[in-house]
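Here is a short briefing on one protein chain. Keep the structure open while you read, and find each part as it is named.

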Amino acid sequence: MERKNEIKRVKLVVAYDGTAYSGWQLQPNGITIEEVLNRELSDLLREEIRVVGASRTDAGVHALGNVAVFDTVARIPGEKISYALNTRLPEDIRIRGSEEVALDFHPRHCDSEKTYVYRIWNHSFANPMERLYSKFCYYPLDLERMRQGAECLVGTHDFQSFCSAGSQAETTVRTVTGITVDRDPEEPRLVRITVRGKGFLYNMVRIISGTLLEMGMGLREPGEMKEILEAKDRQKAGPTAEAKGLTLVKIDFLNGCHPEGTTPVETDLERMLRERCR
């Protein structure tokens with residue numbers, strides 16, 4: 001009797017330019033990253049594949065290190081799938097690594113920390129090379145004011161003021177583990193807001209960035225951030241910054257949840273981000 005292939009779970013590290021996509025998650029009107037991966041994996045492996053992403057990024061948001069998993073009975077080794085899949089994917093989506101992981105590994109259920117970077121081209125004139133990957137702000141930004149405003153957001157708080165309508169989250173309490181605001185050392189006209197946390201609400205990083213921008217422009221005082229946080233009212237915070245400025249840089253899996261033997265991707269991802277900032 002012929003022996004059936006055993007099910008295995010494969011993890012992907014996914015990078016993409018989100019400009020042409022309606023986000024990660026399947027949508028009725030618009031092509032998404034999840035849709036493209038499902039289609040090309042199903043065609044490659046000759047079985048119906050459904051990926052599960054760690055972060056369901058919004059339309060226009062980019063990623064250097066999103067993580068997804070899928071189950072398959074295909075015999076192709078997990079580490080080889082990235083090479084085969086990349087030959088089929090459009091140029092604005094790339095698999096930066098693949099490997100077989102434990103069947104109980106689930107990227108959304110693991111304790112993890114996500115790192116997002118919001119990029120702002122801060123100069124008198126726009127840069128056409130940055131138009132798809134940063135927000136243009138011609139007004140000189142005071143980064144120290146922005147840092148002061150960001151301080152009170154670090155920790156575990158109710159971030160309802162920084163959540164767009166339409167969120168399906170059961171709770172608006174989240175933990176932000178760090179926020180930094182700096183200029184790229186190789187291109188000082190690029191301002192970077194780096195936000196790390198264990199989970200984010202709908203548009204949370206973009207609303208934080210929009211509020212910090214207003215503080216950097218002098219439209220709000222840094223001390224207002226504490227009042228905004230305590231108000232638990234979306235109307236009190238600043239605007240939702242444009243999606244194109246946001247990139248999911250990496251996801252770190254904590255407390256032993258990261259599959260054993262996985263090659264860290266942080267160094268390559270950070271190098272890729274620095275190259276984009278030049």
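In which loop is the place of alanine 126? Alanine 126 sits in the loop between S5 and strand S6 (135-137). Keep in mind that this is a predicted model. The briefing starts with confidence, returns to this loop, and then turns to rings and helices.

**Confidence**
- The protein chain has a mean pLDDT of 91. A pLDDT of 70 or more is reached by 90% of its residues.
- Residues 260-270 are a stretch where the pLDDT is below 50. In the model, that stretch has 13 contacts beyond near neighbours in sequence.

**Around alanine 126**
- Set aside the neighbours within four places in sequence, and alanine 126 is in contact with Trp121 and Phe136.
- Tyrosine 138 is 12 residues from alanine 126 in sequence. In space, the two are 7.7 Å apart, C-alpha to C-alpha.

**Aromatic pairs**
- Five aromatic pairs turn up in a search of the whole structure.
- One of them joins phenylalanine 105 and phenylalanine 253. Their ring centres are 5.3 Å apart and their planes stand at 75°, so this pair is edge-to-face. Planes over 60 degrees apart count as edge-to-face.
- Phenylalanine 105 belongs to the loop between strand S4 (93-101) and strand S5 (112-122), while phenylalanine 253 belongs to strand S10 (residues 246-253). The pair therefore ties together parts that are 148 residues apart in sequence.

**Helices H1 and H2**
- Helix H1 (residues 33-45) packs with helix H2 (residues 78-86) at an angle of about 105°. Their axes are 10 Å apart.
- H1 and H2 are therefore roughly perpendicular to each other. The range for that label is 65 to 115 degrees.
- From H1, the contact uses Leu37, Glu40, Leu41 and Leu44. They meet Ile81, Ala84 and Leu85 in H2.
- By class, the contact of H1 with H2 has six nonpolar residues, no polar ones and one charged.

**Helices H3 and H4**
- Helix H3 (residues 143-151) and helix H4 (residues 204-216) have axes 8 Å apart. The packing angle is about 135°, which makes H3 oblique to H4.
- H3 passes H4 in a right-handed crossing.
- Arg145, Met146, Gly149 and Ala150 are the H3 residues in the contact. On the H4 side, they meet Leu212, Leu213, Met215 and Gly216.
- Five nonpolar, two polar and one charged residues form the contact of H3 with H4.

**Helices H4 and H5**
- H4 also packs with helix H5 (residues 224-231), at an angle of about 150°. Here the axes are 11 Å apart.
- H4 and H5 are therefore roughly antiparallel to each other. Angles over 145 degrees get that label.
- Their crossing is right-handed.
- H4 brings Thr211, Leu212 and Met215 to the contact, and H5 brings Glu224, Met225 and Ile228.
- The contact of H4 with H5 has four nonpolar, one polar and one charged residues.
- Look again at Leu212 and Met215 of H4: they meet H3, and they are also part of the contact with H5.

Key:
Residues are numbered from 1 along each chain as its sequence is written. This is a predicted model: local features need pLDDT of at least 70, side-chain atom pairs count only at pLDDT 80 or more; totals for chains, interfaces and linings use all residues. Side-chain values use heavy atoms; hydrogens and water are left out. Axes are lines fitted to C-alpha atoms, for helices over the stretch in contact, and angles run from 0 to 180 degrees between N-to-C directions. Helices (H or I, at least four residues) and strands (E, at least two) are DSSP runs, numbered from the N terminus. Angles under 35 degrees count as roughly parallel, over 145 as roughly antiparallel, 65 to 115 as roughly perpendicular and the rest as oblique. A crossing is left-handed if the near helix is turned anticlockwise from the far one by less than a right angle, and right-handed if clockwise. Contact means heavy atoms within 4.5 Å. Ala, Val, Leu, Ile, Met, Phe, Trp, Tyr, Cys and Pro count as nonpolar, Asp, Glu, Lys and Arg as charged, and the others, Gly among them, as polar. pLDDT is the predictor's confidence in each residue, from 0 to 100. Rings of Phe, Tyr and Trp (its six-membered ring) pair if their centres lie within 6.5 Å; planes under 30 degrees apart count as stacked, over 60 as edge-to-face and the rest as tilted.
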